[in-house]
Amino acid sequence: MEELKRLGEKLIKNKYIFAEHIDLLQNDHFSFGGIMVREWRADLVQIHGEALIYGKEQAEKKMSTASLNIGKVMVESGSSINLAIENTMNSRHLFWSFIEEEVSNQKYAVNILLKAMSTIDALLDISLRSISLGFVNHYKETTNITSKSLQHIKNQESVIKTLSTPIIQTVLDGVLHIPLSGELNEERMKDLQKKVVNECKVLMVDSVIIDFTGIAEQDSSLFPILEKLVHSLSSMGTKTIFVGFSSFVSKEIKEYGSFSKEFIYSSFRQAINELLKDRGLKIGPISQ
């Protein structure tokens with residue numbers, strides 16, 4: 001799309017300005033391993049811009065390689081993994097602000113915003129996972145395995161597990177988007193259930209979109225946990241919407257008997273379209 005290309009080109013052109021904004025939010029003007037943090041951030045912004053111009057596939061590989069190396073360098077400089085987590089959260093908010101402003105100023109259709117942020121969110125998740133993996137693996141390789149170092153690894157992995165599943169405010173009031181990625185297991189799903197329910201207690205949430213697009217291996221073993229999550233949110237007046245299931249799992253979950261098929265959609269965009277329709281709105285070009 002020509003609109004996505006223009007957004008990507010503007011991101012790349014202003015990557016250092018974008019990096020400076022994150023500097024101001026985090027107040028961590030220092031270098032590690034001879035690499036300025038601002039340069040690191042600018043490089044990652046560049047990759048996001050390239051993804052909007054050329055597509056995600058090549059950018060995902062580039063992001064993974066760059067982020068694995070950042071995790072390694074952070075260990076060697078004595079930096080905390082919290083730096084990467086905070087950077088990802090601040091970047092996500094700034095990207096949203098940038099895209100929303102561009103869509104408003106340039107009169108792009110809302111579907112451009114959704115496509116751009118879907119691409120950017122996927123890359124941010126890859127970046128955080130890869131930095132975390134590079135950090136933990138390199139720490140294990142270079143540190144004597146004492147009780148103290150084992151505790152340090154455990155603490156860092158706990159932080160990663162707690163914060164690596166983002167809960168994102170969407171463009172619709174009262175609608176949260178939770179993009180999942182990596183490997184799912186029973187423990188992680190229980191953590192997700194607790195986190196989502198607590199968040200919905202704090203915020204006025206009408207609907208939660210749980211996005212399985214980034215999960216390569218999906219099976220029915222987690223259906224009972226998903227069922228509990230649906231019931232917990234339903235008791236609070238919050239609707240649970242699932243997107244991104246494989247066709248096989250989508251069929252299985254509909255036959256499971258405890259899920260409303262109208263709350264299962266193939267994509268995040270389709271779910272947003274249905275929510276817009278419920279509110280008497282729709283995606284389309286902005287009138288001149």
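Student: Which residues have the most contacts inside the largest nonpolar core?

Tutor: This is a predicted model, in which local features need pLDDT of at least 70, side-chain atom pairs count only at pLDDT 80 or more, and totals for chains, interfaces and linings use all residues. Residues are numbered from 1 along each chain as its sequence is written, and side-chain values use heavy atoms, with hydrogens and water left out. A nonpolar core is a set of buried Ala, Val, Leu, Ile, Met, Phe, Trp, Tyr and Cys residues joined through side-chain atoms within 4.5 Å, where buried means under 20% relative accessible area (1.4 Å probe, protein chains only). The largest has 33 residues, and those with the most contacts inside it are Leu-7, Leu-11, Phe-18, Phe-95, Ile-99, Ile-120 and Ile-209.

Student: Which helix gives the most to this core?

Tutor: Helices are DSSP runs of H or I with at least four residues, numbered from the N terminus. Among the elements supplying at least two residues each are helix 1 (2–13), helix 5 (82–106) and helix 6 (110–142). With seven residues, the top contributor is helix 6.

Student: How are helix 8 and helix 9 oriented to each other?

Tutor: Axes are lines fitted to C-alpha atoms over the stretch in contact, with angles from 0 to 180 degrees between N-to-C directions. Helix 8 (residues 186–202) and helix 9 (residues 223–234) have axes 10 Å apart, at an angle of about 5 degrees. Angles under 35 degrees count as roughly parallel, so helix 8 and helix 9 are roughly parallel.

Student: Is Phe-242 buried or exposed?

Tutor: The relative accessibility of Phe-242 is 2%. Phe-242 therefore counts as buried.

Technical notes
Angles under 35 degrees count as roughly parallel, over 145 as roughly antiparallel, 65 to 115 as roughly perpendicular and the rest as oblique. Buried means under 20% relative accessible area, exposed over 50%, partly exposed in between (1.4 Å probe, protein chains only).
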